[in-house]
Amino acid sequence: GSHQGMLEGDFALCISLYHGYELLMQMGLRSLFFYIQGIMDGSREMSRAKNELQRTPTFMDLYHEMETMFLKPPEGPDEPFIYSHPKLERLEEVVLQHFNMWAQSSADKNDGVSTRVMIFSSFRESVQEIATMLNRHAPLIRVMTFMGQASAGKGVKGFTQKEQLEVVHRFRQGGFNTLVSTCVGEEGLDIGEVDLIVCFDAQKNPIRLVQRMGRTGRKRRGRIVVILTEGREERTYNQSQSNKRSVYKSITSNKNGFRMYPNSPRMLPEGLNPQLHKMHITCGQFDHREGSRRSVRGRRSHSEGRASLIHPQNL
């Protein structure tokens with residue numbers, strides 16, 4: 001029994017370290033540091049991993065070196081940015097190229113049309129790092145971050161619903177031209193037209209990749225860039241693309257493969273025969289404030305007679 005517990009603890013430690021290895025390979029040294037910092041300060045509640053790592057002098061030397069690198073206060077605005085992964089340099093190059101080319105094109109056409117960019121990364125620490133890097137190029141690049149509502153430990157805090165609505169509104173209205181988001185921004189947001197989508201990591205699920213791509217190319221031609229690390233992340237992307245092609249092939253080639261269940265009872269009474277009527281529907285401008293008011297009224301009516309966990313004024 002005791003040996004089994006020790007083996008399970010060793011496997012758990014290996015899994016934790018492997019997650020850190022994936023962060024290092026896909027996101028960079030800064031993301032690895034914040035992950036390890038969560039273990040060392042106890043916010044991730046991984047006491048076994050913390051004790052084992054503290055007993056390893058080589059690892060502690062590395063940890064203290066990362067502390068010196070990433071926790072020291074900035075000396076000034078001219079201090080060079082530390083690129084913790086080569087993908088960050090490539091991302092910066094792609095975004096700067098897009099805005100410079102758009103500015104030149106708009107000046108030639110004299111049309112005054114603005115452009116917007118959306119960047120996806122799966123980890124909050126990486127989102128913050130990307131935003132910090134791009135903020136150095138203001139006012140050409142005006143960055144906002146977008147994350148989910150949940151918060152974990154002492155790391156990057158999540159957004160409240162009010163903060164999420166405010167970010168989407170300001171991005172849609174043009175106050176900011178670059179949105180760096182976690183996977184929560186893949187669907188369900190009315191953010192308007194986006195001309196460039198940058199995926200900072202690969203997704204195993206092809207549906208999530210398609211949802212990201214669907215953010216651009218709605219009213220005018222858009223562009224999608226996927227930045228990958230050679231090795232496992234590249235293989236993950238290739239497998240995702242293969243899965244997507246298999247789904248497309250199944251839908252388009254096997255036309256007789258989808259059969260309706262023949263014994264479903266008729267929903268309409270006998271004698272009622274509906275006719276198809278085609279018509280054009282125009283969609284007006286969505287007002288998120290009206291939707292918020294309706295949501296607040298619904299919650300108030302639903303919560304009458306009991307205490308609410310969320311105060312309506314905070315929504």
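In which strand does valine 117 lie? I found valine 117 in strand β1 (residues 117–120). Helices (H or I, at least four residues) and strands (E, at least two) are DSSP runs, numbered from the N terminus.

**Ground rules.** This is a predicted model, where local features need pLDDT of at least 70, side-chain atom pairs count only at pLDDT 80 or more, and totals for chains, interfaces and linings use all residues. Residues are numbered from 1 along each chain as its sequence is written, and side-chain values use heavy atoms, with hydrogens and water left out.

**Valine 117.** I looked up its cover next. Valine 117 has 0% relative accessibility and counts as buried. Buried means under 20% relative accessible area, exposed means over 50%, and partly exposed is in between (1.4 Å probe, protein chains only). I then checked valine 117 against leucine 196. Their C-alpha atoms are 4.9 Å apart in space, while the two residues are 79 apart in sequence.

**Salt bridges.** I noted the criterion: a side-chain nitrogen of Lys or Arg within 4 Å of a carboxyl oxygen of Asp or Glu. Side chains of opposite charge can pair when their charged atoms come close. The search of the whole structure gave 8 salt bridges.

I took arginine 48 with aspartate 10. Their side chains meet at 2.5 Å, N to O. This pair links distant parts of the chain, with arginine 48 in helix α3 (residues 47–54) and aspartate 10 in helix α1, 38 residues apart. Arginine 48 is partly exposed at 31% relative accessibility. Aspartate 10 is partly exposed at 35%.

I moved on to lysine 87 with glutamate 233. The closest N and O atoms of this salt bridge are 3.1 Å apart. Lysine 87 sits in helix α5 (residues 86–109) and glutamate 233 in helix α9 (residues 232–253), 146 residues apart. Is lysine 87 buried or exposed? Lysine 87 is buried, with a relative accessible area of 4%. Glutamate 233 is buried too, at 3% relative accessibility.

I checked arginine 136 with glutamate 92. Their salt bridge has its closest N and O atoms 2.6 Å apart. Arginine 136 is in the loop between α6 and β2 (143–146) and glutamate 92 is in helix α5, so the pair ties together parts 44 residues apart in sequence. Arginine 136 is partly exposed, with a relative accessible area of 39%. Glutamate 92 is buried at 8%. I also looked for shared partners. Asp10, Arg48, Glu52 and Arg55 are joined into one network by such salt bridges.

**Charges over rings.** A charge sits over a ring if NZ of Lys or CZ of Arg is within 6 Å of the ring centre and within 35 degrees of the ring normal. Lysine 87 came up again. Its charged end sits over the ring of phenylalanine 200, 4.5 Å from the centre. Arginine 116 lies over the face of phenylalanine 171, 5.2 Å from the ring centre.

**Ring pairs.** Rings of Phe, Tyr and Trp (its six-membered ring) pair if their centres lie within 6.5 Å; planes under 30 degrees apart count as stacked, over 60 as edge-to-face and the rest as tilted. I got 5 aromatic pairs. The rings of phenylalanine 33 and phenylalanine 70 have centres 5.9 Å apart and planes at 35°, so this pair is tilted. Phenylalanine 33 lies in helix α2 (residues 29–40) and phenylalanine 70 in helix α4 (residues 57–70), so the pair ties together parts 37 residues apart in sequence. Both phenylalanine 33 and phenylalanine 70 are buried. Ring pairs link Phe33, Phe34, Tyr63 and Phe70 into a cluster.

**Helix α6.** How many of the 12 residues of α6 are buried? I counted 9 of the 12, so α6 is largely enclosed by the rest of the structure. Among them are Arg124, Glu125 and Glu129.

**Cis bond.** Most peptide bonds are trans. Alanine 138 and proline 139 are joined by a cis peptide bond, with omega about 5°. I placed proline 139 in the loop between α6 and β2.
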